[in-house]
Amino acid sequence: MFSTTGPYNVVARSMLNGALLAVAERPAPGITIEPVVVNPGGELGRYAALSRELLHDGIRHVVGCYTSSSRKEVIPCFEKHDGLLWYPSHYEGFESSGNVIYTGASPNQHVLPLVDHALATLGTSAFCVGSNYIWAWENTRIFREAMTARGARVLAERYVPVGDTEIDQVVEAILEARPAFVFNNLIGTSNYAFFRAFRAACAARGIDQRTTFPVVSCTLSEPELEEIGQEAVDGHLSSSVYFSSLASPANAAFTRFYGETFPEGPTTSADAEASYIAMKLLILSLAESGTDDVETVKEAATRQHLLAPQGEVRIDPQTLHAYLTPRIGISNAQARFDILVEEPGPVRPDPYLVQSSPRYAVAARNATLRVVK
């Protein structure tokens with residue numbers, strides 16, 4: 001269930017490709033997978049309706065959704081009708097459902113590494129821009145708390161409707177604020193328009209945007225670099241658990257098979273890999289279980305160890321989120337990423353940030369509580 005049309009269709013098409021690639025590979029012994037593909041078209045109301053139709057037709061497992069709004073929209077359907085959503089996208093965390101397996105990055109696997117890297121290399125002030133929905137609101141909140149806890153500042157926040165490409169006012173506000181870097185949570189066509197407009201506005205003022213106002217993101221991927229265009233594609237930092245430039249036999253095989261199977265693209269991405277992982281884990285769990293019963297398959301999923309293109313991946317039984325390997329990359333003129341830093345191995349998911357970063361570190365240090373009664 002991916003919106004292969006609509007404002008974020010480029011990423012969604014790469015996600016669908018990733019899921020179908022796992023089906024196209026030699027399946028696990030004893031089972032046959034026949035995918036049913038539905039397209040909500042980026043219309044929020046369509047997600048719940050399509051979920052109800054799929055579940056009513058006896059389909060218990062759905063790999064799908066990209067935006068957090070769409071995920072929030074469908075979870076009640078899966079909980080009510082006893083289905084299992086395999087959600088293959090990085091997200092803002094602070095959620096847990098017994099009817100969802102999360103194969104994308106949790107905030108401790110993409111937001112916090114980006115904060116630490118940006119503060120160490122770019123400066124201590126940021127301007128936040130994002131699409132006006134739950135992903136950007138919550139991701140910016142986590143970012144702001146992490147910045148504040150480390151003694152840094154968020155100068156301002158601006159949000160635009162999903163799909164809006166009128167971005168000039170946001171660009172002017174950034175140039176006026178003069179932050180050390182920009183934290184970007186835009187998606188889809190808004191994202192591409194922003195990078196082009198920001199680079200052009202800086203160039204018109206004789207400013208090298210890449211070094212003066214670098215942009216850091218948790219959403220930027222290879223298909224989107226290609227959409228931005230050559231004039232503004234390079235010099236952007238992205239925090240992700242997968243880049244197509246990873247040098248490993250598993251990734252070489254993955255990218256080769258992906259290119260052969262989908263020569264028209266879009267290019268593979270972290271979200272495509274997360275969809276591939278979700279479908280692979282689902283197939284392996286179905287084969288082990290011998291049934292599509294949700295509880296049985298879910299338990300089997302927590303026992304799988306998958307050598308994915310990014311490295312070892314497994315599901316945490318406590319949170320149903322994935323162990324993944326954080327990395328930071330910088331975009332180049334070839335619309336790919338050069339990897340700057342990476343963790344040596346998979347990091348345990350911490351969707352509520354109870355282990356990774358105390359949410360109220362600053363409040364704890366500056367506590368001035370007194371007994372009033």
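Predicted model: local features only at pLDDT ≥ 70, side-chain atom pairs only at ≥ 80, totals over all residues.

Q: Let us begin with a sheet. What is the order of the strands in the open sheet of three strands?
A: To read a sheet, follow which strand pairs with which. Here the order is β1-β2-β3, and the pairing is parallel. The edge strands are β1 (61–63) and β3 (100–102), and each of them pairs on one side only. From one strand to the next, the twist averages 15°.

Q: Over how many bridges do β1 and β2 pair?
A: Strand β2 covers residues 84–87, and β1 pairs with β2 over three bridges, in the parallel sense.

Q: Which helix lies across β1, β2 and β3?
A: Look for α12, residues 294–301. Helix α12 runs at about 30° to β2.

Q: Now another strand. How many residues of β6 are buried?
A: Residues count as buried when their relative accessible area is under 20%. Strand β6 spans residues 181–185, and five of its five residues are buried. Check both faces. On one side sit F181, F183 and N185, on the other V182 and N184, and all are buried.

Q: Which strands pair with β6?
A: One is β4 (residues 125–131), which pairs with β6 in the parallel sense over five bridges. There, F127 stands opposite V182. Another is β7 (residues 215–217), parallel to β6 over three bridges. In that pairing, F183 stands opposite V216.

Q: Next, a loop residue. Is S269 buried or exposed?
A: First locate the residue. S269 is in the loop between α10 (249–261) and α11 (270–289). Its relative accessibility is 0%, so S269 counts as buried.

Q: Which residues does S269 touch?
A: Leave out residues up to four places away in sequence; S269 then touches S14, S221, E222, P223 and Y242.

Q: Let us turn to rings. How many aromatic pairs does the structure hold?
A: There are 15 aromatic pairs. For each pair, read two values: the distance between centres and the angle between planes.

Q: What are the values for the tilted pair of F254 and Y258?
A: The centres of F254 and Y258 are 6.2 Å apart, with 50° between the planes. These two residues are both in helix α10, four residues apart, about one turn of the helix.

Q: Are F254 and Y258 buried or exposed?
A: F254 has a relative accessible area of 3% and is buried. Y258 is at 3% relative accessibility, so Y258 counts as buried.

Q: Which residues do ring pairs link into a cluster?
A: The cluster holds Y242, F254, Y258, F262 and Y276. To read a cluster, step from ring to ring.

Q: One last feature. Which residues lie over the face of a ring?
A: For a charge over a ring, check the distance to the ring centre. R71 lies over the face of Y87, 4.8 Å from the ring centre. R314 lies over the face of Y323, at 3.8 Å from the ring centre.

Notes: Residues numbered from 1 in each chain as written. Heavy atoms only, no water. Pairing = 2+ DSSP bridges. Axes fitted to C-alpha atoms, helices over the stretch in contact; angles between N-to-C directions. Contact = heavy atoms within 4.5 Å. Buried < 20%, exposed > 50% of the residue type's maximum accessible area, 1.4 Å probe, protein only. Phe/Tyr/Trp six-rings, centres within 6.5 Å; stacked < 30°, edge-to-face > 60°. Lys NZ or Arg CZ within 6 Å of the ring centre and 35° of its normal.
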